[in-house]
Each structure stands twice: as structure tokens, then as C-alpha cells.
Amino acid sequence: MIIVIIFVLAYLLGSIPSGLIVGKVGYGIDIREHGSGNLGGTNTFRTLGIKAGLIVTSADILKGTLAASLPVLFGQTDVLHPLLVGIVAVLGHTYPVFAKFKGGKAVATSAGVLLFYSPLLFITMIAFFFLVLYLCKMVSLSSMLAGVYGVIFSLFTKDVPLILVVSALTLFVIYRHRSNIKRIMDKTEPKVKWL
């Protein structure tokens, strides 16, 4: 029963629509009706600015971190792996029950899961993300390549659950960026202007 509760809590945590809440409460707009229509941090940055973008991205990261910590908080680490629970939160973020199952692209919440389980991987992925962003100016490409970096990093840890989960999350992030990949190939993908 506790295991079921943990999974439900993880999904509900992931489902909290940070972008929707910040947009409506702080700015009186629904960001799903602006920009890409996505609830994630990137569209929030583009639609509402740096302050709102930072709040939403931070909240989305922390959702993953808190969800991954649930097995520890409930004393169930002997039967539940934090990364497995984290995946449920990522699915909640991507398909949120509180926002008609249309959520973000899984990047920030996936990062939050890794922040709990492997802080060093999280920090180096963030550094790699900003390095690629500085070079290419595209958030989508930077996110996908940061995931690939994460897979390579995890291989050196020889931590099988980490390797499997990072690989799965990276493939999922790439899948969620299908339209971005097409725009990158067509050279129509938006680029950041502040870097």
C-alpha cells in the first residue's frame, strides 16, 4: 500500500503545472496559448521573461528531486529505487492530470531526479548544457545533447540502474523534441538572444 501511495504522490508531484500556475497567478495569462504552447521552462522564458522562467524551471527540477526522495522519506529504499519513482514524476510532468495531460518536455524534471540521485552528474550536465547553448544558441539541441552526455557519464559509473534510467530519459526527451528536431534540420528553430 505504501508503494502505491509513493507512486501516486510522485505522479501528482510531477503533474503540478508550474508554468500554468506562474502564468495565471503572476501574469494573468495561460502560457499554453502563447509561444510553443508548452508548459515547460523554455516557453515560460520566451513568453513571460527571465524571472518567470527561472521560477518555473526551478519548480520543475524540484518536483523530480522531491519525487525521487520519496522512497527515502517513506523508508522504502529496500524495495523501491529512487530513479524508478523519479520516472513516474517525469511522466506526471509530461502528461499532467492537472493540465489535461499536456505538459512539458521532461527536461527539467528529469534533471531534478538526477539531482537527488547523482548530484555530480546533475552539475556536470548543467555545465555541458550551457556550454552547448553558448555555442549553438538552441535550448532544444542543448537539452538533447546534455542527455547524451549524461548517458556517457553514467557508463563510467557502472551503476546499472543509473545507466538504464538516464538512457531511457534521454530517449524520451529526444522523442518529446520531435518537432524541434525537424525545425533544427529546417534551420527554423528559435535561438536564444541573451547569450
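Author: Two rings of Phe, Tyr or Trp count as a pair if their centres lie within 6.5 Å. The model here is predicted.

Reader: How many aromatic pairs does a search of the whole structure find?

Author: The search finds five aromatic pairs. One of them joins Y95 and F172, with 6.4 Å centre to centre and 55° between the planes. That pair is tilted, because planes over 60 degrees apart would be needed for edge-to-face and under 30 for stacked.

Reader: Which parts does the pair of Y95 and F172 tie together?

Author: Y95 is in the loop between α5 (82-94) and α6 (107-117), while F172 belongs to helix α9 (residues 160-176), so the pair ties together parts 77 residues apart in sequence.

Reader: Is F172 buried or exposed?

Author: Buried means under 20% relative accessible area. F172 has 17%, so it is buried. Y95, at 32%, is partly exposed.

Reader: Where do Y149 and F153 lie?

Author: Both are in helix α8 (residues 139-157), four residues apart, which is about one turn of the helix. F153 counts as buried, with a relative accessibility of 19%.

Reader: Which residues do ring pairs link into a cluster?

Author: The cluster consists of Y95, F172 and Y175.

Reader: What sits over the ring of Y175?

Author: A charge sits over a ring if, among other conditions, NZ of Lys or CZ of Arg is within 6 Å of the ring centre. Over Y175 it is the charged end of R178, 4.0 Å from the ring centre. K137 likewise lies over the face of Y134, at 5.1 Å from the ring centre.

Methods:
Residues numbered from 1 in each chain as written. Predicted model: local features only at pLDDT ≥ 70, side-chain atom pairs only at ≥ 80, totals over all residues. Heavy atoms only, no water. Phe/Tyr/Trp six-rings, centres within 6.5 Å; stacked < 30°, edge-to-face > 60°. Helix = DSSP H or I, 4+ residues; strand = E, 2+ residues; numbered from the N terminus. Buried < 20%, exposed > 50% of the residue type's maximum accessible area, 1.4 Å probe, protein only. Lys NZ or Arg CZ within 6 Å of the ring centre and 35° of its normal.
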